Amino acid sequence: MIFLDNKNIHDPRVNLAFEEYAIRHLALDDEILLFYINEPSIIVGRNQNTVEEINVDYVERNDIKVVRRLSGGGAVYHDLGNLNFSFIAPNSADNFHNFRKFTQPVIDVLRSMGVNAELSGRNDIVLGGRKISGNAQYVAGPRMVSHGTLLWQTDLKVVGEALRPKQAKIESKGIKSVRSRVANITEFMPSNCPDILEFRQAIIHGVFKGGEINEYKLKDKDWHGVAELAQARYQTWDWNYGKSPAFGLKRETRYPGGGIDALLDVERGVIRHVKFYGDFFGQHDISILENLLEGVEYRPEAIRERLRDVHVGNYFVNFTLDELINLLY
C-alpha cells in the first residue's frame, strides 16, 4: 500500500482528476490510499441525471460546484467538513462490490476512537442508525477504486437544501428528507475530538498499522496530467450535466442494488434511443448496453434475443435479464 498526498487541494474537479489519474498512471503494481477535502460541491453519480438530483436554484445561488464522478451510486454533498477517502486496488472478484473490505479499516479507526460505527445496507457506514459515510466503486481496466465520504463536521442544513431526493427514494426508505438520515461523526465524539486533518492522519496510521508510511510523490509531469484531465473532463458542462435525449417513455424500478430509470425513444415499434439513469453500480460503461438496444424492436422477445449473450449484471450489479425486460417493457 502506498499513500498519495493531494497537497490540500480543495477543488473537486481537480481532486476527481487526481484520483482518476492515479488509477490510470501511478504505481501500477501497488494498492493506493488517497484523501481529499472538497470545497462546497455536489458530486453526482456516474449514471445519474444531474438536474433531477439537485436543487438547481439553490446550487447556483450559493455557488456550489456540481461535478460528476466515474463511480455509480447517488449524489452527495461535500464541504470542508467532509473527508473523502479512496482505495485503488486490483479489479478482482473479491474486490469489486466488496464494500466491507475497503470500509473496514475506516470503521476500525472509528471504533478505536470510541465511535461504534458499522457497515449497513449495500454501501453505507452508520452510527446510531444514521449515515456518516456513503461509498461507491468503479473499474478502469485492471484496477478499481473504492471511495467514500466521511461526514466529520459538514453543514447538514446545506445537505437538505442542495440535494433533491427523488420521491421514489423517499417512499421506499420511509424518510422525510436527506438531512434526517445523516449525522456528523463529531456528534458522537468526546469534547476534545481531533480536527479533520488529525482524523485523516489516524486513518493513515490505521491502514499502515502504525508502521512506516510509504508515500509516492507526484512529479511535475503528473500534476500537469492531472490538470489536463480536470480541464478535459471534470470542468466541462457536457460531463457534469450532459444532455438528456428526447424520449416518449419513462420506466423506473428500485431493487436492492439501487434505482434505475429507463428513458426510451420508440418510433414505429423500434427503439431508436435508450438512456439509463440511476444510483446503481456496474463494472461496465452503461453506454455499451444503451447502444446494443438501439434498433431493436420494442417487444420482449426481440430485446431478449439482442441481449442473449450479454451479462446484464455487468451493467447493473445483481440485476437479471428478465428484470431488465420487465423494466423496459
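**Reading a strand and a helix pair**

Author: This is a predicted model. Strand β3 (residues 41–44) pairs with strand β5 (residues 76–78) in the antiparallel sense, over 3 bridges.

Reader: Which residue of β5 does I43 stand opposite?

Author: I43 stands opposite V76 in β5.

Reader: In which sense do β3 and β4 pair, and over how many bridges?

Author: β3 and strand β4 (residues 65–68) pair in the parallel sense, over 4 bridges. Here I43 has V67 of β4 opposite.

Reader: How do I read the two faces of a strand?

Author: In a regular strand, side chains alternate between the two faces of the sheet. In β3, S41 and I43 lie on one side, and I42 and V44 on the other.

Reader: Are these four residues of β3 buried or exposed?

Author: S41, I43, I42 and V44 are all buried, and both faces of β3 are covered.

Reader: Now the helices. At what angle do the axes of α1 and α8 cross?

Author: The axes of helix α1 (residues 12–25) and helix α8 (residues 220–234) cross at roughly 120° and come within 8 Å.

Reader: Why are α1 and α8 called oblique to each other?

Author: Angles from 65 to 115 degrees count as roughly perpendicular, and those over 145 as roughly antiparallel. The crossing is at roughly 120°, and α1 and α8 are therefore oblique to each other. The crossing of α1 past α8 is right-handed.

Reader: Which residues make the contact?

Author: Among them are V14, L16, A17 and F18 of α1, and W223, V226, L229 and A230 of α8. The residues of this contact comprise 10 nonpolar, 1 polar and 6 charged.

Key:
Residues are numbered from 1 along each chain as its sequence is written. This is a predicted model: local features need pLDDT of at least 70, side-chain atom pairs count only at pLDDT 80 or more; totals for chains, interfaces and linings use all residues. Side-chain values use heavy atoms; hydrogens and water are left out. Axes are lines fitted to C-alpha atoms, for helices over the stretch in contact, and angles run from 0 to 180 degrees between N-to-C directions. Helices (H or I, at least four residues) and strands (E, at least two) are DSSP runs, numbered from the N terminus. Angles under 35 degrees count as roughly parallel, over 145 as roughly antiparallel, 65 to 115 as roughly perpendicular and the rest as oblique. A crossing is left-handed if the near helix is turned anticlockwise from the far one by less than a right angle, and right-handed if clockwise. Contact means heavy atoms within 4.5 Å. Ala, Val, Leu, Ile, Met, Phe, Trp, Tyr, Cys and Pro count as nonpolar, Asp, Glu, Lys and Arg as charged, and the others, Gly among them, as polar. Buried means under 20% relative accessible area, exposed over 50%, partly exposed in between (1.4 Å probe, protein chains only). Two strands pair if DSSP finds at least two bridges between them.
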